[in-house]
Amino acid sequence: MTSVTVTEVGREAGVSSVTVFKHFPRKEDLLLDRADDAVEVLRTAVRADGDVLASLRAATLRLADERHALSGLKDASVPFFATVAASPALIARAREIADDLQRTLTEELAVPDAGLLAAFYVSGYATVLVETARRQLAGESPDDVADDHRARVEVIFDRLRTGFSG
């Protein structure tokens with residue numbers, strides 16, 4: 001990521017580096033460009049009528065079932081994960097984005113202990129994504145990885161709903 005300059009990206013895209021920075025405030029955001037999509041998924045789920053956990057669960061499973069980029073199950077995810085894993089700057093930016101998502105979710109939730117729920121959800125999902133990436137980079141079957149991903153998401157929501165005892 002550091003060997004390509006924003007000027008080179010702009011030149012390749014036929015725009016100035018100023019234009020690139022208007023759309024991508026940080027160089028890392030050129031690759032990690034789904035934060036706004038993630039915020040929209042969270043807001044839509046939280047603002048739906050009914051049970052917040054059920055809405056978040058449905059939205060998260062829908063991402064997996066669609067093999068959406070935010071699930072890490074999209075066909076092009078392996079090169080993406082390899083690039084991120086090789087870059088401390090991208091890893092740091094991904095963590096910042098997770099912190100921002102946690103803050104957004106906390107602000108959106110109208111439930112007791114909103115910050116705690118947001119932390120559990122975002123950290124749990126990040127853990128699932130890291131395991132999904134690890135398994136894909138190891139060359140495991142995409143269907144096996146997707147099944148495991150979905151099962152681990154179910155565990156997140158089961159634990160959020162019932163706790164860790166029993």
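This is a predicted model: local features need pLDDT of at least 70, side-chain atom pairs count only at pLDDT 80 or more; totals for chains, interfaces and linings use all residues.
Residues are numbered from 1 along each chain as its sequence is written. Local features need pLDDT of at least 70, side-chain atom pairs count only at pLDDT 80 or more, totals for chains, interfaces and linings use all residues, and side-chain values use heavy atoms, with hydrogens and water left out.

**Exercise 1. Find which residues of helix 3 are buried and where they lie around its axis.**

Step 1. Helices are DSSP runs of H or I with at least four residues, numbered from the N terminus. Helix 3 has 13 residues and reaches 18 Å from its first C-alpha to its last, close to the 18 Å expected at 1.5 Å a residue. The expected span is 1.5 Å times one less than the number of residues.

Step 2. Buried means under 20% relative accessible area and exposed over 50%, with partly exposed in between (1.4 Å probe, protein chains only). Ala38, Val39, Leu42, Ala45 and Val46 are the buried residues of helix 3.

Step 3. Seen down the axis, these residues fall within an arc of 135°, so they line one face of helix 3. The arc is taken from the directions from the helix axis to the C-beta atoms. An α-helix has 3.6 residues a turn, so residues three or four places apart point the same way.

Step 4. The face turned away from the buried side of helix 3 carries exposed Asp36 and Arg47.

**Exercise 2. Identify the helix that gives the most to the lining of the largest pocket, and sort the lining residues by type.**

Step 1. The largest pocket has a volume of about 1,100 Å³. Of its 33 lining residues, Leu32, Phe80, Phe81, Ala94 and Leu129 are the closest to its centre.Step 2. On a 1 Å grid over the protein atoms alone, a pocket is an open set of points where a 1.4 Å probe fits, with protein on both sides within 12 Å along at least five of seven lines; lining residues have an atom within 4 Å of a point. Points are joined across faces, edges and corners, and the volume is the space filled by probe spheres set on them.

Step 2. Helix 7 gives the most, with eight residues.

Step 3. The lining divides into 27 nonpolar residues (Ala, Val, Leu, Ile, Met, Phe, Trp, Tyr, Cys and Pro), four charged (Asp, Glu, Lys and Arg) and two polar (the others, Gly among them).

Methods: Helices (H or I, at least four residues) and strands (E, at least two) are DSSP runs, numbered from the N terminus.
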